[in-house]
Amino acid sequence: MAIPVTKVSIPEFQSTAVETIPAIASNVRATFRTNKSKNLEWRRVQLRKLYWAVEDFKAELLAALMQDLHKSSYESLLTEVEWVKNDCMFMIDNLEEFAKEEKMPKGAVPATYSLMGFRIRKEPLGSVLIIGPYNYPIQLVLAPLVGAIGAGCTAVIKPSELTPACAMVLKEMIEKRLDPNGFAVVNGAIPETNALMNEKWDKIFFTGSAQVGAIIAKKAAETLTPVCLELGGKNPAFVTKNANLAMAAKRLLWGKTMNAGQICMSQNYVLVDREIVPTFIEFLKIAYKEMFPNGAKASPDLARIVNKRHFLRLKKMLDETKGKIVMGGEMDESELYIEPTAVLVDSLDDTMMQEESFGPIFSIYPVFTLDQAIAIANSVHRTPLSLYTFGSKAENKKILDSTISGGATINDSFQHGSLNTVPFGGVGDSGWGAYRGKASFDCFTHARTIAETPNWADGLLRVRYMPFDWKRFNFYRKMTTKKPDFDRNGTVVKGLGYWAWLVLGLGGKGLKGALARWLVVLAGYYAVEMYKARK
């Protein structure tokens, strides 16, 4: 059943007074120093409050998303509202497991130190700054916030000023429902962001363009503040002769219709085997007709471009391309509408290949071989945020083995980024760090190594005290040093010990593996003996 967008009153956008920002930042820092956010129940309460805040402000959120992006209630619920609620539930359900101390992995601590209580304690980083983008102005602000709350951090949130209605709803929602001393929202543009960046944070989480991300990283470096950058890139898609062309066309077109293609993960260009380009284009047109039987402009489901500046940026790419528009191409500036558009190009210097579209337009580039396609992808952008491959199992493996990307999906468009419980992030200049699911908790957590040395253990530590004793050191070295099973050329040397273990351990890896194999042998022997006895 369709959920209509209820008419609600959303206040006009108002920037936070710049002179108040230092006090806002100071307040969340002071709250963190009280240690109350380290309490797991406090975190759970804040997450529960956030869940119900999103539910209770649903009408306002849907109205704001429609106002800012012309995003339908269906898409808004699917990709923003319900996403965040599911995020809250996942963190609540798993918080105790995420936050508990970890034992050191097997083999990490030598036997001589096994009584020293080595463990990893999960500590919140402190007070963090979350700077959100315009394309998913609810999800991409609140999902990092869920991680920050779960980790035990306090936070200031800076929504995008390009989605002013969403920014105002977020401010009201968060400051009314969450602990006002632990969380705050600052609205504004460059002056307000600069004021926030002048404050000392324990981590900065930024989602947006690589250009702004570089500015954020540079400023953060002045105070050695760690950052998580969720950026974008010129994402490639590969379509070979072995692909299901109808499915590839449908799924790639879908990737450019969600949120009117304003998705950092959607493909910028598609590298298609030259022989199947005409067929691929026909399947694109069929998929378009299925999605938009009355045309894209008349569809109640298709969002619009966020503002005139970005509309003109996309229009300029289409105006300057030397390629041929083979699907779509309609534009209406008065509605900020751009039809899902595919452009057949023949030059890597084309604007459609050189610029990140971040909209409902993409290029198709014919290739002779898969090797050529891989070389092109690596030259256009070596470390994109996402990559898509439609081909045989061997071809898909070759593409993944020969490229680098933040994430990748085989036989679909950004499925790897469509689940809120698995890690998501870029690589190189498409992003630093990851979040979502447990990764969101880890993003705002310091893994603090703890050792606890008993008073009675001093005798075991004699080797470290002066005057040094070589006999003690040699004994210590025998107890803690593992001998290599390889020579200076890196070749494994299979000596007497190796062959003895291979025979006595029946080829099993480790003691457990050997025991398991001996149990199988003994069980087989017993079965044979029982069979003989019956005879």
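Visitor: Which is the crossing of helix 5 and helix 6, left-handed or right-handed?

Guide: You're looking at a predicted model, where local features need pLDDT of at least 70 and side-chain atom pairs count only at pLDDT 80 or more, while totals for chains, interfaces and linings use all residues. Residues are numbered from 1 along each chain as its sequence is written, and side-chain values use heavy atoms, with hydrogens and water left out. A crossing is left-handed if the near helix is turned anticlockwise from the far one by less than a right angle, and right-handed if clockwise. The crossing of helix 5 and helix 6 is right-handed.

Visitor: How is helix 5 oriented to helix 6, roughly parallel or roughly antiparallel?

Guide: Helices here are DSSP runs of H or I with at least four residues, strands are E runs of at least two, and both are numbered from the N terminus. The axes of helix 5 and helix 6 (residues 164-177) come within 12 Å and cross at roughly 25 degrees; axes are lines fitted to C-alpha atoms, for helices over the stretch in contact, and angles run from 0 to 180 degrees between N-to-C directions. Under 35 degrees counts as roughly parallel, over 145 as roughly antiparallel, 65 to 115 as roughly perpendicular and the rest as oblique. That's why helix 5 and helix 6 are roughly parallel.

Visitor: How many residues in the contact of helix 5 with helix 6 are nonpolar?

Guide: On the helix 5 side you'll find V141, L142 and L145, which meet L170, M173 and I174 of helix 6; contact means heavy atoms within 4.5 Å. Ala, Val, Leu, Ile, Met, Phe, Trp, Tyr, Cys and Pro count as nonpolar, Asp, Glu, Lys and Arg as charged, and the others, Gly among them, as polar. This contact has no polar and no charged residues, and its nonpolar count is six.

Visitor: And how does helix 2 run against helix 5, roughly parallel or roughly antiparallel?

Guide: The axes of helix 2 and helix 5 come within 8 Å and cross at roughly 160 degrees. That makes helix 2 and helix 5 roughly antiparallel.

Visitor: What residues of helix 2 make the contact with helix 5?

Guide: The crossing of helix 2 and helix 5 is left-handed. Helix 5 brings L142, L145, V146, I149, G150 and A151, and helix 2 brings R43, Q46, L47, L50 and V54.

Visitor: What about helix 13 and helix 14: roughly parallel or roughly antiparallel?

Guide: Helix 13 (residues 370-380) and helix 14 (residues 393-402) have their axes 10 Å apart and pack at an angle of about 30 degrees. So helix 13 and helix 14 are roughly parallel.

Visitor: How many charged residues are in the contact of helix 13 with helix 14?

Guide: L370, D371, I374 and N378 in helix 13 meet E395, K398, I399 and S402 in helix 14. By class, this contact has three nonpolar residues and two polar ones, and its charged residues number three.

Visitor: Which helix gives the most to the lining of the largest pocket?

Guide: That pocket has a volume of about 1200 Å³, and of its 39 lining residues the closest to its centre are F206, G208, S209, Q211 and V212. A pocket is an open set of points on a 1 Å grid over the protein atoms alone, with protein on both sides within 12 Å along at least five of seven lines, whereas a cavity is a set where a 1.4 Å probe fits but cannot get out; lining residues have an atom within 4 Å of a point. Points are joined across faces, edges and corners, and volume is the space filled by probe spheres set on them. The top contributor, with six residues, is helix 8.

Visitor: Which helix gives the largest share of the second largest pocket's lining?

Guide: The second largest pocket has a volume of about 370 Å³. Of its 22 lining residues, W83, M265, F414, G417 and S418 are the closest to the centre. The largest share, three residues, comes from helix 4.

Visitor: What is the volume of the largest cavity?

Guide: The structure holds one cavity of 30 Å³ or more. Its lining includes G233, N235 and K256. The volume of the largest cavity is about 40 Å³.

Visitor: Which residue is joined to P467 by a cis peptide bond?

Guide: P467 sits in the loop between strand 20 (445-450) and helix 16 (470-480). With omega about 0 degrees, the cis bond links P467 to M466.
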